[in-house]
Amino acid sequence: MAPWKIALDKVFSVAFLLVTFPIWLVIALLVKVSSKGPVIYKSGRVGLCGRKFYMYKFRTMFVDADERLKELWAQNDNDGPAFKMKNDPRVTPIGRFLRKFSLDELPQFLNVLTGEMSLVGPRALHPYEVEQFDEYAMERLTVKPGITCYWQIMGRSNLSFKEWMDLDHRYMRECSLGTDLKIIARTAKAVFAGDGAY
């Protein structure tokens with residue numbers, strides 16, 4: 001990975017974690033008192049070159065969410081291997097708010113600090129989703145996964161799977177310091193708007 005990208009990831013993540021730490025405490029308390037289960041959810045994901053790792057998120061679902069996925073698959077709102085459901089019954093009330101404004105993803109900055117993820121890059125998906133990738137989709141694994149990318153600022157969950165993959169390939173072609181800074185700046189606007197997130 002380019003030296004500028006490593007430096008951007010480390011410096012931005014440390015600064016962001018220091019500034020947002022009080023918000024973490026509030027979110028952790030809300031998650032803990034609103035439903036049973038851990039505050040942090042460890043989600044198995046596939047990263048650079050197919051390496052598996054745990055991605056951290058504030059828990060937004062009930063503890064039996066993974067077991068209930070199979071029974072809900074027929075209601076998938078996504079046209080590809082990734083599962084998305086607008087009114088997913090597994091999501092807790094506080095979880096819906098956290099997801100709308102991407103607050104559940106704050107712990108992923110820890111993944112950036114450990115080098116498993118980058119600030120900007122294709123979204124890290126579950127192993128069962130990657131197993132269904134075609135050759136075109138598999139190419140995104142040649143780039144370190146990120147917290148945000150073009151998909152985050154150009155539709156989020158409203159995108160079709162092909163549009164999502166096309167945007168990831170666009171990022172792979174255009175990756176630069178300027179591109180990353182532009183995406184980070186536009187991500188803040190997209191997150192506050194809350195459009196396309198569920």
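Visitor: What share of the accessible surface of the protein belongs to carbon and sulfur atoms?

Guide: The model is a predicted one, and the surface discussed here is computed from its atoms. The accessible surface of the protein comes to about 10100 Å². Of that area, the part that belongs to carbon and sulfur atoms is 63%.

Visitor: Which pattern of helices and strands does the protein follow along the sequence?

Guide: The protein holds nine helices and four strands. Read along the sequence, these elements follow the pattern α-β-β-α-α-α-β-α-α-β-α-α-α.

Visitor: What is the radius of gyration of the protein, and what does the globule rule give for 198 residues?

Guide: The C-alpha trace spans about 40 × 40 × 30 Å along the principal axes of the protein. The globule rule gives 16 Å for 198 residues, and the radius of gyration is close to that value, so the protein is as compact as a globular protein of that length. The radius of gyration asked for is likewise 16 Å.

Visitor: Among contacts between residues at least 6 apart in sequence, what percentage join residues at least 24 apart?

Guide: Buried residues make up 48% of the 198 residues in the protein. As for the contacts between residues at least 6 apart in sequence, the part joining residues at least 24 apart is 71%.

Visitor: How far apart are the mean positions of the positive and negative charges of the protein?

Guide: The comparison takes in 28 positive and 22 negative charges.

Visitor: Is R123 buried or exposed, and with which side chain does the side chain of R123 make a polar contact?

Guide: R123 is found in the loop between β3 (118-120) and α5 (127-130), and its relative accessible area is 11%, which is under the 20% limit, so R123 counts as buried. Leaving aside neighbours within four places in sequence, R123 is in contact with K57, E105, R140, P145, G146, I147, W151 and W164. From this list, the residue whose side chain is joined to that of R123 by a polar contact of 3.0 Å is E105.

Visitor: Which residues does L125 touch, not counting those up to four places away in sequence?

Guide: L125 also has its place in the loop between β3 and α5, and at 4% relative accessibility L125 counts as buried. Between L125 and D64 there are 61 residues of sequence separation and 20 Å in space, taken from C-alpha to C-alpha. With residues up to four places away in sequence not counted, L125 touches G44, R45, V46, V130, F133, R140 and W164.

Visitor: Where is I27 found, and with which residues is I27 in contact beyond four places in sequence?

Guide: I27 is found in helix α1, which covers residues 3-34, and a relative accessible area of 4% makes I27 a buried residue. I27 and V39 are 12 residues apart in sequence, with their C-alpha atoms 8.7 Å apart in space. Leaving aside neighbours within four places in sequence, the residues in contact with I27 are F58, L98, L103 and L106.

Visitor: How far apart in space are V191 and I153, C-alpha to C-alpha?

Guide: V191 lies in helix α9, residues 177-193, and is buried, with a relative accessible area of 18%. Outside the four places on either side in sequence, V191 is in contact with K100, F101, S102, Q152 and R156. V191 and I153 are 38 residues apart in sequence, while the distance from C-alpha to C-alpha is 8.4 Å.

Visitor: What is the phi of S102, and is S102 buried or exposed?

Guide: Most residues other than glycine have a negative phi. S102, placed in the loop between α3 (93-100) and α4 (108-113), has a positive phi near 60°. With a relative accessible area of 10%, S102 is buried.

Visitor: Is C49 buried or exposed?

Guide: C49 is not a glycine, and yet it has a positive phi of about 60°. C49 lies in the loop between β1 (40-46) and β2 (52-58). The relative accessible area of C49 is 58%, which is over the 50% limit, so C49 counts as exposed.

Definitions and conventions. Residues are numbered from 1 along each chain as its sequence is written. This is a predicted model: local features need pLDDT of at least 70, side-chain atom pairs count only at pLDDT 80 or more; totals for chains, interfaces and linings use all residues. Side-chain values use heavy atoms; hydrogens and water are left out. Helices (H or I, at least four residues) and strands (E, at least two) are DSSP runs, numbered from the N terminus. The radius of gyration is taken over C-alpha atoms; the globule rule is 2.2 Å times the number of residues to the power 0.38. Buried means under 20% relative accessible area, exposed over 50%, partly exposed in between (1.4 Å probe, protein chains only). Contact means heavy atoms within 4.5 Å. Accessible areas come from the Shrake-Rupley method with a 1.4 Å probe; for residues, only the protein chains shown count as cover. Lys and Arg count as positive and Asp and Glu as negative; His and the chain ends are not counted. The place of a charge is taken as NZ of Lys, CZ of Arg, CG of Asp or CD of Glu. A polar contact is a pair of N or O atoms within 3.5 Å; within protein, one must be able to donate a hydrogen and the other to accept it, and residues adjacent in sequence count only if both atoms are side-chain atoms.
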